[in-house]
Amino acid sequence: MGIFNDITAIQNIIYIVASILFISGIKMLGKEDTAVKGNFLSALAMFIAVSVTVVDVVNPVVLISGIALGAIIGSTIALKVKMTSIPEMVALFNGFGGLATFLIAWSEFNSIPDNLFQHILVMTTLYIGGVTFTGSLVAYAKLAEKIKIAKTSIITKFFTTIFYISLAFLLYSVFVTPAIVPTFDFFTILLVLTLLGGIGFVLPIGGGDMPVVISLLNSFSGIAAAFAGLLLLNNVLIVAGSLVGASGLILTVIMAKAMNRSISNILFVGYASSSSKSSSSEDQGEVSPISVSDAYLILESASSVLIIPGYGMAVAQAQHVVRELGELLEENGTEVKYGIHPVAGRMPGHMNVLLAEANVPYDVLAEPDDINPIMDSVDVAVVIGANDVVNPSATEEPGSPIYGMPIIEVHNAKTVFVLKRSMSAGFAGVQNPLFFKQNTRMLFGDAKESIGGLVSEFKD
Amino acid sequence: MEIYMLLGFVLILSIYLGLELISKVPSTLHTPLMSGANAISGIALVGALVLSTDTNLQGAIAFLAVLFASINVFGGYLVTNRMLKMFKKK
């Protein structure tokens, strides 16, 4: 019975059970049919792991009240938040996870690390956790449109500089301080620089690149938890943290591929400096506007319609009228599909969540690879507030900054409607030749109003 | 040192396992997967619970770590669940 008298041994065995549940949970989360169950399994794993830890905490009153308070705050936010605010909510929760690991590392530093390896782990965990925390807060503020600071502004440059200084200071703290003990309080400086550095990490990154940053921060929070697990010699932290790190990494790579850019280009360069005067300034011709009633006539006689939503649909909150239009078209005998580009919107899968909220079934949503080969059989492609993801320069113009990016090739459809407020360029700052094509009609105005107009034409 | 080698091994295997498990996720599930994974990163709660509370500063750090990790856990799982419930097949 020897080992079973030891509470740590029992905890470790139960941690293994929890780890297995986490692994099954995240696996099931990746498939449509089992996703709800997967999330439940992973929550069960969390419950088991936390319960078995709580039984022998040193200061139960304080810590359990912390859990209770966190449960109240977290649940309230989660149940009250509007579905359209999901991107910023995920960013905020992610930041809190990062903050927790940052605090764990801080506490371990105060308990004085026993050896060099622990010292290195403390510094690295602290840094990743801290950058995840403040970086996610900036991402939250950007997504919620609470801050608007230009990439070129002096504030952005200041924080970017701090980010590089903080990286250098991390290296100093990891490698130099164990050998040459500094006479000043280097740790406090590291704490402050880390938090400011996280701001500088995310601040210069533009809205259209947000899907990549969010995925990367997600990955960081997992890696920070896994490192904290190494520090505390806790196997469930390592397993669960690594799974999160891996899933965030996969999403980051998928997003970067969907933009045909490297991760470092997105993080450290951005579109602004990469775009030379490459986009052809030759006369592109005139755009042909169309009125709502003419658009209705064309849609009414179409036998297949493809709807391509973008960030503009989210801004205009047009997803419900879009669904209504889709249903009316189907009643009229038209085949309706939705073409979803992986980076449309501000987070991975943003359009899918919005359309799901509006009750659009997920099996009518098609990815570019599925829809492009049959594009010439589409009668009308309706582009709602999307721009760069349907820009034919990506396939036709080798000099363009977005050349090579996989797009939804709507220009091959028989007719294209582009719903747009004005003629401004997309996030990448590249002019879109699609607007000037023979088969393109521009429907100017607010997306929600235009679609609403089409809906009432159908009802009459 | 031996324990770190062993746990480092666990770390590498888990990352590899994660990459294998989630490599072919449909784009419909990108947001829920991220949000669900985000909730899992709240596992830091387990780490926060074992921190020392010897001094006032240490107690405050431990309390805050528990608080924020637990917001992450509860908020993350509930938001993911709400989101997944919206996804319907035709």
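In the predicted model, A:Val305 stands opposite A:Val380 in strand E4 of chain A. Strand E5 (residues 415-420) of chain A is in turn linked to E6(A) by five bridges, with the two strands running parallel; here A:Val416 stands opposite A:Thr440.

These pairings form part of an open sheet of six strands in chain A, with parallel pairing and the order E3-E2-E1-E4-E5-E6. Strand E3 (365-366) and strand E6 (440-444) stand at the edges with a single partner strand each, so one side of each is left without a neighbour in the sheet.

Within E4(A), five of the five residues are buried. A:Val380, A:Val382 and A:Ile384 point one way from the strand, whereas A:Ala381 and A:Val383 point the other way. Helix H13 (residues 319-331) of chain A lies across strands E1 (304-309), E2 (335-339) and E4 (380-384), running at about 170° to E1(A).

The contact between the chains takes 96 residues from chain A and 74 residues from chain B. On the side of chain A that touches chain B, H9(A) gives the most, with 16 residues. By class, this side of chain A has 60 nonpolar, 31 polar and five charged residues.

Notes
Residues numbered from 1 in each chain as written. Chains lettered and ligands numbered in written order. Predicted model: local features only at pLDDT ≥ 70, side-chain atom pairs only at ≥ 80, totals over all residues. Pairing = 2+ DSSP bridges. Helix = DSSP H or I, 4+ residues; strand = E, 2+ residues; numbered from the N terminus. Contact = placed C-beta atoms within 7 Å. Axes fitted to C-alpha atoms, helices over the stretch in contact; angles between N-to-C directions. Nonpolar A, V, L, I, M, F, W, Y, C, P; charged D, E, K, R; others polar. Buried ≥ 20, exposed ≤ 12 C-beta atoms within 10 Å, placed from the backbone.
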